[in-house]
Amino acid sequence: MKKIGIVYSFNTNKTSKIAKRIADAVEGTAKVEMINVEEITAEQFQKFDNLICGTATWFDGELPNHWDEFVPDIEDMDLKGKNIAIFGLGDQKGYPENFLDGMGILAEILEAQGARIVGFTSNEGYNYESSRAEKGDQFCGLGIDYESQGSKNKERVNAWVKKLKMEFK
Ligand SMILES: Cc1cc2nc3c(=O)[nH]c(=O)nc-3n(C[C@H](O)[C@H](O)[C@H](O)COP(=O)(O)O)c2cc1C
């Protein structure tokens, strides 16, 4: 499998921990490069055919600033042929009406540029009211909730990476 770029903010707490866990799970199957979205260039982002992007949801249903600042660059890209998987962090008890919205927003932006979003997961086992990441009975990526379901992180990450190994090219 081709090298995978994992893009997230190095200055986050929980998103960084999950990014490292994902990198460990991928190791052995593909090479991985960790990239800080706060310093990334459009060129660096576009050099990968397989990408994993990580984002939390902040500000009641918004993307964190570090992703928001990179959106104008993404909107100038042609992402046809790119396989992009997204992991999102959210808090279903604290923000049940906007659970994982950031993941949904990022997927919409990337898809609009032609990317193929991979790594959908079932929304079973989560309890929330609404989410922009919801697509039918699935999420458009991996949903992680440290606040109320942190004990499931390990098994969720491992199952997701197993699925990605089949969906990435
Ligand atoms: C001010 C604030 C607003 C938040 N808004 C949302 C939200 O709208 N939806 C959601 O699912 N989680 C929300 N969260 C929860 C975070 O996404 C969650 O705690 C996440 O694990 C933070 O990851 P980080 O440490 O990488 O920033 C919010 C957290 C804070 C502190």
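Biologist: How many residues does helix α1 have, and what span does it reach?

Modeller: Helix α1 covers residues 14-26, which makes 13 residues; helices here are DSSP runs (H or I, at least four residues), with strands (E, at least two), numbered from the N terminus.

Biologist: Thanks! What kind of model is this?

Modeller: It is a predicted model, where local features need pLDDT of at least 70 and side-chain atom pairs count only at pLDDT 80 or more, while totals for chains, interfaces and linings use all residues. Residues are numbered from 1 along each chain as its sequence is written, and side-chain values use heavy atoms, leaving out hydrogens and water.

Biologist: Is K14 buried, partly exposed or exposed?

Modeller: K14 lies in helix α1. Buried means under 20% relative accessible area, exposed over 50%, and partly exposed in between (1.4 Å probe, protein chains only). Because its relative accessible area is 32%, K14 is partly exposed.

Biologist: And which residues of α1 are buried?

Modeller: An α-helix has 3.6 residues a turn, so residues three or four places apart point the same way. The buried residues of α1 are T15, S16, I18, A19, I22, A23, A25 and V26.

Biologist: Which residues come nearest to the ligand?

Modeller: A residue counts as near if one of its heavy atoms lies within 4 Å of the molecule. There are 18 residues around the ligand, and those that come nearest are T15, T57, G61, N98 and E147.

Biologist: How far is an oxygen atom of the ligand from a backbone N or O atom of G61?

Modeller: Polar contacts are pairs of N or O atoms within 3.5 Å; within protein, one must be able to donate a hydrogen and the other to accept it, and residues adjacent in sequence count only if both atoms are side-chain atoms. The side chain of W58 has an N or O atom 3.2 Å from a ligand oxygen, and a polar backbone atom of T57 is 2.7 Å from one. For the backbone of G61, the distance is 2.7 Å.

Biologist: Where does F59 lie, and what is its phi?

Modeller: F59 sits in the loop between β3 (50-56) and α3 (65-68). Most residues other than glycine have a negative phi. F59 is not a glycine, yet its phi is positive, near 55°.

How values were computed:
The expected span of a helix is 1.5 Å times one less than its number of residues.
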